[in-house]
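Follow the paragraphs below with the sequence and the model side by side.

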Amino acid sequence: MTRLPEPEAGAAGGRDMRIVALIGTGHFLSHFYMLCLPPLFLAWRAEFDVSYAALGLTVALMSGTTAVLQTPVGFWVDRWGARPFLIGGTLLMALSVSAMAFAPVFWMILPLAVLSGIGNSVIHPADYAIMTGSVSKSFIGRAFALHTFTGNLGFALAPPVIALLLGVMDWRGALLTVGLLGVPVVVAILLQSGVLRDQAKPRAAEAASSHEVLLSRPMLLFFAFFLLSSMAGSGVQAWLVTVLGKLWGTPVLVASGALTGYMVGATCGTLVGGWIADKSKRNLLGMVTVLTLVAMALLLSLGLVPMPEVLLPVVAVVAGLALGTSRTPRDVMLKDACPPGQVGKVFGFVSAGLPLGSAITPVPIGLLIDAGYPMLVLPVVAGLLGLSLLCAGSAKESAARGQMVAAE
């Protein structure tokens, strides 16, 4: 399918924001549903008399199913189009969460968690395929940034929203309420689906070799880039409070404030990065490199230099802002490296490195702290970020070389 000419600037801006609003709302829900279950664990334990391990299995099944299925769903999105999968996936995700409200026994929640994970697996490949085909080139960085921002917002709001609902209704009513929120989102996507265009289809020769794309050197390096970045971020999120306490005797409240500052900076940074990516497309890799190096230096300083307590949150905010700002240019780099018509499978595959990275890091770093080496935690995080930059540089170079060869 040939991409249609872009409208005039004013019309394009309004259309772009409609697209981002539709896609972003579904992305918000996908992240919201991921974290709406943990606040219910105490109520479930009291009602169903199950272990904490069994309770944790609900989140593990939902997240694991999403991570495993993203890549095959990406292939289907590229072949059949993203809109049907986006609509069906969002509806399945919402109805599965709603159905948990009627579970008479705990074990019935587990297959519903899997079904919700199946619906959730559609979001990343479908969203990026639609944004690539629908959003104006001059707005694509900000579209990616807003997409990331809405997902982070879903993570942030899920626990307090569920807690507030539990204050006025039981857990069944709370789950049914948040689950049914997905229905009007699906209706809105259906009513507005005319503005959502699929990505351009690949030529026959490109489609024939599509199964080889994911095992190509650039895509494997991009996967490593996302994986290592996520491992580093997970290390900070899981252990910064503990590390500051053990190294400098930082009170929990102050250390928690530093972590919150880091997360706020990282979330706001995605929006800054989107604007920068749209305004300066010439050297995205250089931008990612400089910002990541700044974040590495600031994170190292938290673990190597004793600071006044009032300064810790400031340093953490700037570190998070630098790292968050680098994330949208990273996504744009990956989009630029995608072969035509294969955005779904590429983003499905590469973005699976994010939950995998988050799962890998906490236990080994916890063992490092148990062994009496908390001073090594932030250097390890910085080292992971440094390795991710090496992968980014190699991925960008390999992708550019491949595109030059294809153009000859």
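Helix 7 covers residues 140-166, 27 residues in total, where helices (H or I, at least four residues) and strands (E, at least two) are DSSP runs numbered from the N terminus. From its first C-alpha to its last, helix 7 reaches 39 Å, close to the expected 39 Å; the expected span is 1.5 Å times one less than the number of residues. Helix 7 also bends by about 35° at Leu157, with a proline, Pro159, following within four residues. The bend at a residue is the angle between axes fitted to the seven residues ending there and the seven starting there.

This is a predicted model, in which local features need pLDDT of at least 70 and side-chain atom pairs count only at pLDDT 80 or more, while totals for chains, interfaces and linings use all residues. Residues are numbered from 1 along each chain as its sequence is written, and side-chain values use heavy atoms, with hydrogens and water left out.

Leu165 is also in helix 7. Leu165 counts as buried because its relative accessibility is 16% (buried is under 20% relative accessible area, exposed over 50%, partly exposed in between, with a 1.4 Å probe and protein chains only). Leaving aside neighbours within four places in sequence, Leu165 is in contact with Ala174, Thr177 and Val178, contact meaning heavy atoms within 4.5 Å. The C-alpha atoms of Leu165 and Pro374 are separated by 39 Å, and the two residues are 209 apart along the chain.

Next comes the largest pocket, which holds about 1600 Å³ of space. On a 1 Å grid over the protein atoms alone, a pocket is an open set of points where a 1.4 Å probe fits, with protein on both sides within 12 Å along at least five of seven lines; lining residues have an atom within 4 Å of a point. Grid points are joined across faces, edges and corners, and the volume is the space filled by probe spheres set on the points. The largest pocket is lined by 50 residues, and the closest to its centre are His31, Asn152, Phe155, Leu354 and Ser358. Helix 7 provides the largest share of this lining, eight residues. By class, the lining has 26 nonpolar, 21 polar and three charged residues; Ala, Val, Leu, Ile, Met, Phe, Trp, Tyr, Cys and Pro count as nonpolar, Asp, Glu, Lys and Arg as charged, and the others, Gly among them, as polar.

Leu354 is also a contact of Arg330, along with Phe225, Phe226, Ser229 and Val288, not counting residues up to four places away in sequence. Arg330 is found in helix 15 (residues 312-337) and is buried, since its relative accessible area is 7%. The C-alpha atoms of Arg330 and Gly173, 157 residues apart along the chain, are separated by 40 Å.

Ser301 is buried at 17% relative accessible area, whereas Leu298, at 22%, is partly exposed. Beyond four places in sequence, Ser301 touches Met307 and Val315, and Leu298 touches Val315, Val318 and Ala319. The C-alpha atoms of Leu298 and Val317 are 9.8 Å apart, with the residues 19 apart along the chain.

Last, Asp49 is in the loop between helix 2 (41-48) and helix 3 (52-80). Its phi is near 55°, a positive value in a residue other than glycine. Most residues other than glycine have a negative phi. Asp49 counts as exposed because its relative accessibility is 66%. The C-alpha atoms of Asp49 and Phe106, 57 residues apart along the chain, are separated by 8.9 Å.
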